[in-house]
Amino acid sequence: MSLDAIPIHVINPASETSGLTGNAPPLLRELSEGVKRLLASGQTSAIDLSALPLTPADLGWLQDKLGAGEISVTLQANGESTLNETACPGIWWVTHRNEQGAVISQFIEVAFVPELVKAHPEEVQTGWEYLESLISGL
Amino acid sequence: MQDSLIDTLARQGITRRTFLKYCATLASMMALPPVAGRAMAEAMAATRRPSVIWLPFQECTGCTESITRSHSPTLEGMIFDMISLDYQETLMAAAGHQAEEARHAAMKDNAGKYLLVVDGSIPLELDGAYSCIGGRSNVDILKEAAKGAAAIIAMGSCASYGGIPKANPNPTGAVSVSDIIKDKPIVNIPGCPPIPVVMTGVLAHYLTFGSLPELDEKGRPKAFFGETIHDRCYRRPFYDQGKFAKTFDDEGARQGWCLFELGCKGPVTYNACATVKWNGGTSWPVESGHGCLGCSEPDFWDAGGFYKALSVPADPLKIGAAAALVGAGAGVAVSFANRAKKGAAKSAHETTTLADLEK
């Protein structure tokens with residue numbers, strides 16, 4: 001039996017512009033300001049995407065425009081997080097997921113390196129102590 | 001000396017990065033500026049466990065269900081472990097006189113410092129005889145426990161406003177916590193049930209700043225109750241375009257149009273369902289095709305019928321007009337997220353310090 005035989009029709013066929021609200025383009029300007037600030041003073045900034053009325057299509061549009069850069073960081077911390085550099089170096093697309101794989105928050109960060117990637121001095125200290133214990137056990 | 005929160009977490013194998021990620025998400029849900037997550041993580045990491053006493057009165061345990069079943073093992077659950085929950089009838093192992101002794105011991109040891117969580121309303125008719133625990137009336141127990149509390153959190157619509165027990169004709173004379181206690185800071189977290197992350201957010205705020213978050217005129221944390229369901233609803237564009245579902249199975253309903261005419265109370269209901277959602281972010285009432293009942297507003301049960309449309313349309317195009325005024329160049333981030341209202345927009349372009357976040 002072919003699928004056509006089943007009497008179901010798709011109500012919302014996906015098209016190029018369906019779901020776009022026009023809320024995404026202004027974010028590019030905000031990012032541009034952020035990058036200017038980063039270059040001038042090293043000041044980082046972020047846009048909280050979950051706080052904005054963006055449809056999945058808007059997010060797709062934005063992601064498509066910003067493109068993919070050279071670096072993708074994957075963090076396994078209570079679910080997977082991805083910190084992907086976009087085609088514009090210094091702009092990072094950060095997605096936090098929970099253990100079930102659902103997106104719990106999403107940011108665009110403007111920074112040379114996202115904060116989350118850097119190791120915390122206290123954890124470096126713990127790691128170093130472990131390293132020393134390895135050495136003393138030789 | 002108790003360990004700090006981050007030490008306790010570290011022993012459970014929670015790294016700084018995991019904690020930082022959690023705080024970033026929590027800050028996002030609390031509508032704090034994106035950089036606030038780091039400030040929160042730093043402050044919270046060093047805090048110590050506060051004692052919490054949880055009193056259930058005229059309630060259905062739905063609030064407890066909501067919190068304890070938030071979403072299986074997450075940091076939220078662990079933060080919940082980070083408080084010292086010294087009395088909670090549903091969860092504690094002790095029963096009878098032992099349980100009551102545990103409460104008295106916690107009240108004595110932490111006098112003036114413990115947090116008091118209350119769910120359920122308090123009946124006043126017949127000297128409070130409608131609901132008693134261990135032979136004492138709810139109102140009596142509440143007054144005693146409130147004396148030594150640093151602050152009170154009223155969990156759910158019953159504790160916040162009287163809720164369903166108070167619904168007409170209110171046979172038990174049910175009232176809210178704030179109707180009885182007048183001399184302590186009270187945070188209302190209404191909802192039937194309330195959203196779990198609001199509880200965590202209030203707790204995180206208390207641990208971070210040592211104070212309660214900013215409240216609206218109904219005693220609710222502004223971070224979660226600052227905007228209506230309607231303002232943040234993903235079906236809002238259909239309202240603005242005048243596209244409404246007329247019945248629950250018409251073409252409009254199938255297209256996912258606005259449920260205003262089917263009695264949705266979204267325009268007059270302040271809550272965070274539209275952004276935080278339910279069941280681990282799976283969905284929420286409007287997304288599943290049913291209008292908002294307005295359960296986080298006082299007397300929602302007597303508000304004139306769940307399926308009767310509101311008589312006055314909520315200010316249409318308010319958000320769209322604001323955005324047009326500001327202009328596309330200024331960025332939707334500021335105009336839409338309503339951050340200006342929270343006084344956070346001006347600090348969004350600067351490094352946020354704890355002092356900025358404290359109100």
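**Reading helix 1 of chain A**

Me: In chain A, what share of the contacts with a separation of 6 or more is accounted for by residues 24 or more positions apart?

Reply: Two residues are in contact if their C-beta atoms, placed from the backbone, lie within 7 Å. In chain A, residues 24 or more positions apart account for 45% of the contacts with a separation of 6 or more. This is a predicted model, in which local features need pLDDT of at least 70, side-chain atom pairs count only at pLDDT 80 or more, and totals for chains, interfaces and linings use all residues. Residues are numbered from 1 along each chain as its sequence is written, while chains are lettered from A and ligands numbered from 1 in the order in which they are written.

Me: How many helices and strands does chain A have?

Reply: Helices (H or I, at least four residues) and strands (E, at least two) are DSSP runs, numbered from the N terminus. Chain A has 3 helices and 5 strands, in the order α-β-α-β-β-β-β-α.

Me: Which residues of helix 1 of chain A are buried?

Reply: A buried residue has 20 or more other C-beta atoms within 10 Å of its own, an exposed one 12 or fewer, and a partly exposed one a number in between, with C-beta atoms placed from the backbone. In helix 1 of chain A, the buried residues are A:Pro26, A:Leu27, A:Glu30, A:Leu31 and A:Gly34. They cover an arc (of the directions from the helix axis to the C-beta atoms) of only 145 degrees, which puts them on the same side of the helix. An α-helix has 3.6 residues a turn, so residues three or four places apart point the same way.

Me: Which residues are exposed on the other side of helix 1 of chain A?

Reply: They are A:Lys36, A:Leu39 and A:Ala40.
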